[in-house]
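These are my notes from going through one model. I looked up charged pairs first, then helices, then a few single residues.

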Amino acid sequence: MALDELKAALPEYAKDLKLNLSGVIGNSDLPAQQLWGTVLSCAMATGSRAVLRELEPQAKEILSEQAYTAAKAAAAVMAMNNVYYRTLHLLSDKEYGSLRTGLRMNVIGNPGVEKVDFELWSFAVSAINGCGQCLDSHEQVLRKAGVDRETVQAAAKIAAVVQAVAAVLDAEAALA
């Protein structure tokens, strides 16, 4: 199983990450599509070959073809949006925010899955990419749709743990 392989690959000093992988993914209360779409989109957002190689096969097995594609699309479009909107947020000249964006992001309007699922995946990727403006935007859409704080928090925890596992495995590979 993917989680067992990832846990086995982690060094002893990352024992907390092993436990957290079990907690946030292995024992999640999220529906399978929300869980594995979040896991896949986060794995892609980390850019870690090791993490993606271990988690993608299980995500592909569990998710429908549409959900699998939508989770990857969430990672793709948020890779762009997180940089753009984080830049607008960080610039002291707020006039840039009034300019036409001019970037294609059609998948947000028609992701091929439930809007709530896509928003959750986009939220999680935004956590990894550190875009506060995107986090606020996606969290507000989720909350207005009736998603509870615990579900939003679950996505944030998945993002945090997947990112941490990626950082450790990539660092260990570099040191090997």
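**Entry 1: salt bridges**

I began with glutamate 119 and lysine 115, whose side chains meet in a salt bridge at 3.0 Å, N to O. By the rule I used, a salt bridge is a side-chain nitrogen of Lys or Arg within 4 Å of a carboxyl oxygen of Asp or Glu. The model is predicted, so I took local features only at pLDDT of at least 70 and side-chain atom pairs only at pLDDT 80 or more, while totals for chains, interfaces and linings use all residues. Residues are numbered from 1 along each chain as its sequence is written, and side-chain values use heavy atoms, with hydrogens and water left out.

Glutamate 119 and lysine 115 both belong to helix α7, four residues apart, about one turn of the helix. Helices here are DSSP runs (H or I, at least four residues), as strands are (E, at least two), numbered from the N terminus. An α-helix has 3.6 residues a turn, so residues three or four places apart point the same way.

Is glutamate 119 buried or exposed? I found it buried, with a relative accessible area of 3%. Lysine 115 counts as partly exposed at 37%. The cut-offs are under 20% relative accessible area for buried, over 50% for exposed, and partly exposed in between (1.4 Å probe, protein chains only).

How many salt bridges does the whole structure hold? My search found three. One of them joins lysine 7 to aspartate 4, at 3.8 Å from N to O. Both residues lie in helix α1, three residues apart, about one turn. Aspartate 4 is partly exposed, at 41% relative accessibility.

Arginine 143 and glutamate 139 also meet in a salt bridge, at 3.9 Å from N to O. I place both in helix α8, four residues apart, again about one turn of the helix. Arginine 143 has a relative accessible area of 28% and is partly exposed; glutamate 139, with 25%, is partly exposed.

**Entry 2: histidine 138**

I stayed in helix α8 for histidine 138. At 7% relative accessibility, histidine 138 counts as buried. Which residues does histidine 138 touch, not counting those up to four places away in sequence? I listed Met78, Glu119, Ser122, Phe123 and Ser126, taking contact as heavy atoms within 4.5 Å. Glutamate 119 in that list is the residue that bridges to lysine 115. From histidine 138 to serine 126 I noted twelve residues in sequence and 8.7 Å in space, C-alpha to C-alpha.

I checked α3 for length: its 15 residues reach 21 Å from first C-alpha to last, close to the 21 Å expected at 1.5 Å a residue. The expected span is 1.5 Å times one less than the number of residues. Eleven of the 15 residues of α3 are buried, so I wrote the helix down as mostly covered. Among those buried are Trp36, Gly37, Cys42 and Thr46. The cover over them includes α2, α4, α5, α7 and α9. Just after α3, glycine 47 takes a positive phi of about 75°.

Helix α9 (residues 149-175) has 27 residues that should span 39 Å, and its end C-alpha atoms are 39 Å apart, which agrees. Its buried residues include Thr151, Ile158, Val165 and Leu169. What covers the buried residues of α9 includes α1 (2-9), α2, α3 (32-46), α4 (49-62), α7 (115-129) and α8 (132-144).

**Entry 3: serine 22**

I located serine 22 in helix α2 (residues 15-26). Serine 22 is partly exposed, with a relative accessible area of 22%. Beyond its neighbours within four places in sequence, serine 22 is in contact with Lys7 and Asn27; Lys7 is the partner of aspartate 4 in a salt bridge. Serine 22 and valine 107 are 85 residues apart in sequence and 31 Å apart in space, C-alpha to C-alpha.

**Entry 4: aromatic pair**

I counted one aromatic pair. Rings of Phe, Tyr and Trp (its six-membered ring) pair if their centres lie within 6.5 Å; planes under 30 degrees apart count as stacked, over 60 as edge-to-face and the rest as tilted. The rings of tyrosine 84 and tyrosine 85 have centres 5.1 Å apart and planes at 85°, so the pair is edge-to-face. Tyrosine 84 is partly exposed, at 22% relative accessibility.
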